[in-house]
Amino acid sequence: MNGVLALEQILNGLQFGVMLFLITAGLTLTFGIMNLVNLAHGILYMLGAYFCASLTVATGSFVGAVILASAATVLVGIVIELLTLKRLYARNHLDQVLATFGVVLFFNELVRIIWGPASIYSSVPPALSGQVELIPGLLYPAYRLVIIGVGLVAAAALVLLINFSKLGMLIRAGASNRIMVSAIGVNIDLLNTLVFGLGAAFAALAGAIAGPILTVESGMGNDMLILALVVIVIGGIGSIKGAFIASLLVGLIDTFGRTMLRPLFELFMTKAAANSAGPAVASMLIYLAMALVLFFRPQGLFPPRTR
Amino acid sequence: MIKTRVLFAMLAVAVASPAFAADKVKIGFITTMSGPAGVVGKHHKDAADLALEELGGKIGGLPAEIIYADDQLKPDVGRQLADSMIKRDKVNFMTGLTYSNIMVAAYPPIVASKTPFIGLAGPSEIAGSMCSPYYYSVAWQNDQPAEAMGKYLADAGLDEAYLLAPNYTAGKDNLNGFKRNFKGKIAAEIYTNLNQLDYQAELSQVRAANPKAVFAFYPGGLGVQFVKQWAQAGLQGKIPLYTVFAQNAITLPAIGESAEGNYETGIYSPNIKNPTNAAFVAAYKKKYGYEPSEYAAISYDAIKLMDAVTKMVKGKVEDTQAVLAAIPKADVMSVRGRKLAFTANHMPLQDFYLFKIAKGADGQMTPGVEKVVMSDTTDAYAGECKMK
């Protein structure tokens, strides 16, 4: 693998990583602050993608559609939170898993009823459908560069919000000691709803910008949710910094596993054996990474500071 | 006493009925109609409905009914539906079952019941060791489109190809089918995760390897993703892309201009020129507003074959042996441009075409016919078939 190709694969890993981060951010916050196991988080990603695909057609503007889709998903997310999740905060994790899994089934079926069973294929906006030559020999799809940019900006905004605003201070305080925060008079219900809405906005943004390169279909959030859970375990539950670094790590591990393992295996086994062993090991590489983290550092790489 | 006599008389009629012409022909049609793969079932159903409509709602002159059932792309559901069609509906013909995994699950009870089965798939098992006198395929043996592409590129003198497919049985079968005829250098043989929707990392590798040609098997929705991302990565027109099952009338509306200039091999395109196909395409587009795919074509041919066979046995569809004897002799012009004919293991004898994806008269992408690249071949599994 030469330098240019390695750089291109790093970009591919980054692009996958920032997408994962946008989904994981909300999940780790609700996990960390509300102590809620929310399997329905993937639904918000799916709704963001569906809304964006429909709104792009309706408004003719992709950027407008992304913003509107995120806003619409936040509204749906808040309704879900008020109607179902709010009742679950005090319950045990098994109840939360069952109830939020029910929400997943409900919404997967609902989008099938509304948008039909067929997958929706949307196109990359024409202005971004070309490639950019970053350095000589490295042509990279413009749209994917935009995804990386949007993801990094969103991550920076979230870090600023969490670390330097009053809301962020309350969120961090809530993650460390929830009971104390409510004891000093903070409306923890409102804080929960705000955090949930924030997470929904990020997940919807991820879904909306993923739509043109992936397939918009019922159940598309399920696979992403599993990856997001892996990221959270690796990064440390409730930690934004952990989620960010773990997302990029998982993105890079997956990308390099898919492309490098087979040639690596060819060094010491036959071509046919490498052809079947390479993809098999590559598909479980991130789960191996998670197992290693669980074994050596069960609290995750960057757990939030708690007392 | 009278009651008993009547009962005996009725029983006698019931037992004797195979000797008479049936009063109604029932066709069991199991296919995938829901989920992302449901579009294949839609093409099947639309074409079968059109065929029956053209026959005036009759098969071999008898009133006919097609009983559709959705297997939901689940082998267990497919098998249950097959059981109920045979035992409850007592169908005279079975058809459908496009997806090999459903076919292999539902096939044993159907052929065990001795129901004539004109199927829409040719998995390697059924072409080989599981072959049965009760089964005929009007589709293709699964490996053959890839074999045709391998042969075309070998004949064209190409000495290097880069192969990609999803990591499951059909993916390996297709790449092996390609390699059966292509003797040049294999630059790489890449298997991607079956659930993967983003191929950017693999496409980066392809660009760096810069092979003389890429051959890919990505069926249905995977093909839409693969070909769109191929264009987004800037590879369209830079490296020639040859596919099977990826760029057809099912996927091209979703792929759009990203497919222009790419190649595909297969048995059917709406652009094949012959009178039967011209009439079929015109009627189909008029009725449904979209172009028929190979899935529509084989379903249409299957109904027309059942009609011809029923005529040949003079409506006595219960006489299974006569029906089976009639199938290979039936004189049915396929929309593919040739009469339906079968190999010793009951797979179709036919032409495989090279298609180049281009803009059609209506501005939509369509598989343009380049040439016939492989004809009348027997598949690789025929030797394992002991027909009995």
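Me: A residue is buried if 20 or more other C-beta atoms lie within 10 Å of its own, exposed if 12 or fewer, and partly exposed in between, with C-beta atoms placed from the backbone. Is H346(B) buried or exposed?

Reply: This is a predicted model: local features need pLDDT of at least 70, side-chain atom pairs count only at pLDDT 80 or more, and totals for chains, interfaces and linings use all residues. Residues are numbered from 1 along each chain as its sequence is written, while chains are lettered from A and ligands numbered from 1 in the order in which they are written. H346(B) has 26 C-beta neighbours inside 10 Å. H346(B) therefore counts as buried.

Me: Where in chain B does H346(B) sit?

Reply: Phi of H346(B) is positive, near 70°, and the residue is not a glycine. Helices (H or I, at least four residues) and strands (E, at least two) are DSSP runs, numbered from the N terminus. By that numbering, H346(B) is in the loop between α13 (320–326) and β12.

Me: What is the phi of L73(B)?

Reply: L73(B) is in the loop between β3 (62–70) and α3 (75–87) of chain B. It has 21 other C-beta atoms within 10 Å, so L73(B) is buried. L73(B) is not a glycine, yet its phi is positive, at about 60°.

Me: What radius of gyration does chain B have?

Reply: The C-alpha atoms of chain B fill a box of roughly 90 × 40 × 35 Å along the principal axes. The radius of gyration is taken over C-alpha atoms, and the globule rule is 2.2 Å times the number of residues to the power 0.38. For 388 residues, that rule puts a compact globule near 21 Å, so chain B agrees with its 22 Å.

Me: How far apart are the centres of domain 1 and domain 2 of chain B?

Reply: Chain B is divided into domain 1 (2–140 + 274–349) and domain 2 (144–266 + 352–375). These bounds come from an automatic or database domain assignment. Taken over C-alpha atoms, the separation of the two centres is 31 Å.

Me: Which element gives the most to the side of domain 1 of chain B that touches domain 2 of chain B?

Reply: Two residues are in contact if their C-beta atoms, placed from the backbone, lie within 7 Å. On that basis, 13 residues of domain 1 of chain B meet 11 residues of domain 2 of chain B. On the domain 1 side, α2 (38–54) and α12 of chain B each supply at least two residues. The most, three residues, come from α2(B).

Me: Which residues touch the most other members of the largest nonpolar core?

Reply: A nonpolar core is a set of buried Ala, Val, Leu, Ile, Met, Phe, Trp, Tyr and Cys residues joined through C-beta atoms within 7 Å. The largest has 121 residues. The members that touch the most others are A216(B) and Y300(B).

Me: Which helix of chain B gives the most to this core?

Reply: The core draws at least three residues from each of domain 1 and domain 2 of chain B. Beyond its neighbours within four places in sequence, Y300(B) contacts A47(B), A48(B), L50(B), A51(B), F280(B) and V335(B). The top contributor, with 10 residues, is helix α12 (residues 294–312).

Me: Which residue is the bridge partner of E264(B) in β12(B)?

Reply: Two strands pair if DSSP finds at least two bridges between them. Three bridges join strand β10 (residues 241–244) of chain B to β11(B) in parallel, and T243(B) stands opposite E264(B). Four bridges join β11(B) to strand β12 (residues 351–359) of chain B, antiparallel. There, E264(B) pairs with F355(B).

Me: Which residues of β11(B) point the other way from Y263(B) and T265(B)?

Reply: In a regular strand the side chains alternate between the two faces of the sheet. In strand β11 (residues 263–266) of chain B, all four are buried. Opposite Y263(B) and T265(B) point E264(B) and G266(B).

Me: How many residues does α1(A) give to the side of chain A that touches chain B?

Reply: The contact takes 27 residues from chain A and 28 residues from chain B. Elements of chain A that each supply at least two residues include α1 (3–34) and α5 (142–164). α1(A) gives the most, and its count is four.
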